[in-house]
Amino acid sequence: MFFPFYFKLLSGLITFLVCSSLTGIEIPSKVTSIGSHAFWGCQNLTAVSFAESSALTSVGGDAFVATRLRFVEFPATLKTLGENCFEELRYVICNSVSKPTTQGPLKNDGELTIFVPGESVDAYKESFPWNEYEILPIDRASVTISKNEE
């Protein structure tokens with residue numbers, strides 16, 4: 001299902017809650033924030049993508065809890081991440097050269113690989129909570145993800 005009837009876009013904030021029929025979504029370019037618990041309980045959600053000219057700047061805490069989402073590629077505009085916002089994710093591509101500020105751990109367990117721009121790998125690895133996870137350059141993303149998903 002794409003954009004169910006209870007989709008809300010208020011002041012650039014996108015929110016879903018316990019939408020079991022949602023399997024995938026492309027976040028429109030004008031959305032600036034994914035709110036806390038935005039996709040909580042969307043148990044069949046397996047794909048999230050962003051419009052080419054995405055304006056996304058923040059992802060709220062627990063945004064993807066209780067979903068089947070394992071991979072997301074975030075736009076370079078991302079600036080702020082809430083606590084446990086990567087909870088269900090296994091792989092994340094973060095295109096931000098400057099690491100986004102965080103409000104706590106990104107995930108409760110360490111099972112997370114984050115791909116970042118090559119020139120930013122060391123900066124991400126040197127600070128909490130990023131240093132709790134595997135940080136690799138983006139150019140290794142497709143090889144690593146496809147190898148581990150077989």
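Predicted model: local features only at pLDDT ≥ 70, side-chain atom pairs only at ≥ 80, totals over all residues.
Local features were considered at pLDDT of at least 70 and side-chain atom pairs only at pLDDT 80 or more, whereas totals for chains, interfaces and linings use all residues. Residues are numbered from 1 along each chain as its sequence is written, and side-chain values use heavy atoms, with hydrogens and water left out.

Helices (H or I, at least four residues) and strands (E, at least two) are taken as DSSP runs numbered from the N terminus, and two strands are said to pair if DSSP finds at least two bridges between them. On this basis, an open sheet is formed by four strands, which pair in parallel and follow the order β7-β9-β11-β12. Its edges are β7 (71-74) and β12 (134-137), each of which pairs on one side only. Neighbouring strands of the sheet are turned against each other by 20° on average, direction ignored, where the axes are lines fitted to C-alpha atoms and angles between N-to-C directions run from 0 to 180 degrees.

Within the sheet, strand β9 (residues 91-94) is joined to β7 by four bridges in the parallel sense and to β11 (residues 113-116), also parallel, by three bridges. I93 of β9 stands opposite E73, and its bridge partner in β11 is F115. In a regular strand the side chains alternate between the two faces of the sheet. In β9, Y91 and I93 point one way and V92 and C94 the other, and all are buried, that is, under 20% relative accessible area with a 1.4 Å probe and protein chains only, against over 50% for exposed and values in between for partly exposed.

A nonpolar core is a set of buried Ala, Val, Leu, Ile, Met, Phe, Trp, Tyr and Cys residues joined through side-chain atoms within 4.5 Å. The largest such core holds 36 residues, of which F39, V59, F64, F74, F86 and I114 touch the most other members. At least two residues of this core come from each of β3 (24-27), β5 (47-50), β7, β9, β11 and α1 (121-125). Apart from it lies another core of five residues, including Y91, F115, L136 and A141. Beyond its neighbours within four places in sequence, F39 is in contact (heavy atoms within 4.5 Å) with residues including F16, L22, I25, F64 and T67.

G35 lies in the loop between β4 (33-34) and β5, and it counts as buried because its relative accessibility is 11%. Its C-alpha atom is separated by 8.9 Å from that of D62, 27 residues apart along the chain.
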